[in-house]
Amino acid sequence: MAPTWQKTSLTLIACAALWLPGTAPAFGAAQDGKPAAVQAVAQVRPPKLVVVMVVDGLPSEQVQRYRDQFGPGGLRRLLQEGASFMDAHQAHGITVTAVGHSAVLTGAYPYRHGIIGNNWIGADGTQVYCTEDARYRYIDEDTEAHDGTSPANLRVDTLGDQLRYATGNRSKVVTVSGKDRGAILLAGKTGTAYMYMDRTGDFASSTYYMDRHPAWVERFRAAKPQDRYYARSWKPLLEEQAYADDAPYPEATTADTNRFPFTYYSESGAPAADYYGRLKTSPAIDELTLDFAEAAVDGEQLGRNPTGATDLLGVSLSGHDYVNHAYGPESRMSHDHLQQIDRRIARFFAFLDRRVGLDNVLVVLTADHGFANTAEFSQARHMD
Ligand SMILES: [Zn+2]
C-alpha cells in the first residue's frame, strides 16, 4: 500500500453558496410546456459575484490530510457547505501553471486554448513565454523582455469573456495573482488582470488593459502594504505537535534558511528586490494578493453592479507553489503555508459577506495542478 503522499492530482473544491430562492427546483415534471429542468434554471437567481480562486500547486492530499486543522470559515466551510471533488484530474499532459490556469475558465484543452506550457518554442524557433507580448508594458513598472503582459496567446474565450459578451460588457471581470500568468489567463481577453511585481512588491496591470491605473489601484500601491513584512518572520501557526508527521527538516545549509522561522529581509538593509522576491515563498504573497482582491471588490464595486449583472473576481494564490518548489509538499513549511492561507481565506470570505453577502456569491476554489514529492522523500520510501 503506497503512503498517502503520492504523485498528486488536481484539487477541486466548489462551494455553491445559498442563492437559490424559496422555491426549490423540481426535476422530472413538466409544466407550462417547458421541461422542469428548464423552469428550474429560469427560477434560479444568478449570483451577484462569482469568485474563482486558484491555489497554485495544491495537492488534494493536503486538503484531506490537514482538514481537521483548518479554521472554521475558510477551506473547512467550503468542504462542509459546498460540493467538493477530491479525485479530479487534468486531461492535459503538461501540468504547469499556465496550462492549468487556462483550463480553469476556458474548459478547453491546450490544443484549443493555445497555452501548451509556461514556455515553448515558437514556429520560428524562438523561445516564447506564455503571456509575453512585446507590444505592451507594465504600468508604472519596469518591463523586461518576455515579461507577461497580455493574453495574446490564449486562443479561446474564458467564462468571464462570455459573461461580458452576454451582458454587453456590463459584467466586470477582474483578476489578481502573484504570477502574471495566474492573473492574465484567468482574465481572458476582456477581463482586467493585475499581477505582483517581484522587483518592487507592487501589483500592476499592463497597457493591454488600460493606459493608467484607476484611483483605487493608485491608492493601494501608494500605501506600500508589501513593506509591512520587513524584518518580521514567518513562524508556524500551530503547536509543534501538529507538524509531527511532516518530513524532517533537510540538512541545514549556509546558503539560505531552510527551516522556521524565516525572516523577511534584504541584503541591503531595507526593502528591495531580494526582499520582495522572498515574499513569494511565504504566506505574505497570498495575504497581499487577497488584500488587493478586497481592494478590487471595493474599488470596482464587484458584486454590487448597478446594472444587476454578475461580476467575476479571479484570485490566484501563488505562494503555495513557490513553497512546494522550495521545500516539497511533504514539508512542514508547505503544511503550515496551507494553514496560514486557510485563515486568510476565511477572513476574505467574511469580507465578502460584509460587502456583498455570501448568499449572493458563488465561490469556486481549485488548484491549477498538484505537486510531486521531493526526490529525497520518495527515495526514503523506496519510491525512486
Ligand atoms: Zn502552478
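Tutor: Gladly, and let us start with a definition: four donors count as tetrahedral if all angles lie between 85 and 135 degrees. Donors themselves are N, O and S atoms within 2.8 Å of the metal (3.2 Å for Na, K and Ca), and water is not among the atoms, so sites may look incomplete. Please keep in mind that this is a predicted model, where local features need pLDDT of at least 70 and side-chain atom pairs count only at pLDDT 80 or more, while totals for chains, interfaces and linings use all residues. Residues are numbered from 1 along each chain as its sequence is written, and side-chain values use heavy atoms, with hydrogens and water left out.

Student: Why is the site of the zinc ion called tetrahedral?

Tutor: The angles among its four donor atoms run from 97 to 119°, and the definition asks for all angles between 85 and 135 degrees, so the name tetrahedral applies. Ideal angles for four tetrahedral donors are 109.5 degrees.

Student: What makes a residue a donor of the zinc ion here?

Tutor: Distance to the metal: Asp 56 (OD), Thr 97 (OG1), Asp 368 (OD) and His 369 (NE2) lie 1.9 to 2.1 Å from the zinc ion, and the cut-off is 2.8 Å, so they count as its protein donors. Thr 97 lies in helix α4 (residues 97-106) and His 369 in the loop between β12 (361-367) and α13 (375-380), so this pair ties together parts 272 residues apart in sequence. Helices (H or I, at least four residues) and strands (E, at least two) are DSSP runs, numbered from the N terminus.

Student: Why is Asp 342 called buried?

Tutor: Buried means under 20% relative accessible area, exposed over 50%, partly exposed in between (1.4 Å probe, protein chains only). Asp 342 has 0% relative accessibility, so it counts as buried. Asp 342 is found in helix α12 (residues 332-355).

Student: How do you know that the side chain of Asp 342 makes a polar contact with Leu 75?

Tutor: A polar contact is a pair of N or O atoms within 3.5 Å; within protein, one must be able to donate a hydrogen and the other to accept it, and residues adjacent in sequence count only if both atoms are side-chain atoms. The side chain of Asp 342 reaches the backbone nitrogen of Leu 75 at 2.8 Å, so the pair falls within the limit. The backbone nitrogen of Gly 71 also lies 2.8 Å from a polar atom of the Asp 342 side chain.

Student: And how much of the protein chain is buried?

Tutor: Buried residues make up 53% of its 384 residues.

Key
Tetrahedral: all angles 85-135°; square planar, octahedral: opposite > 155°, others 65-115°.
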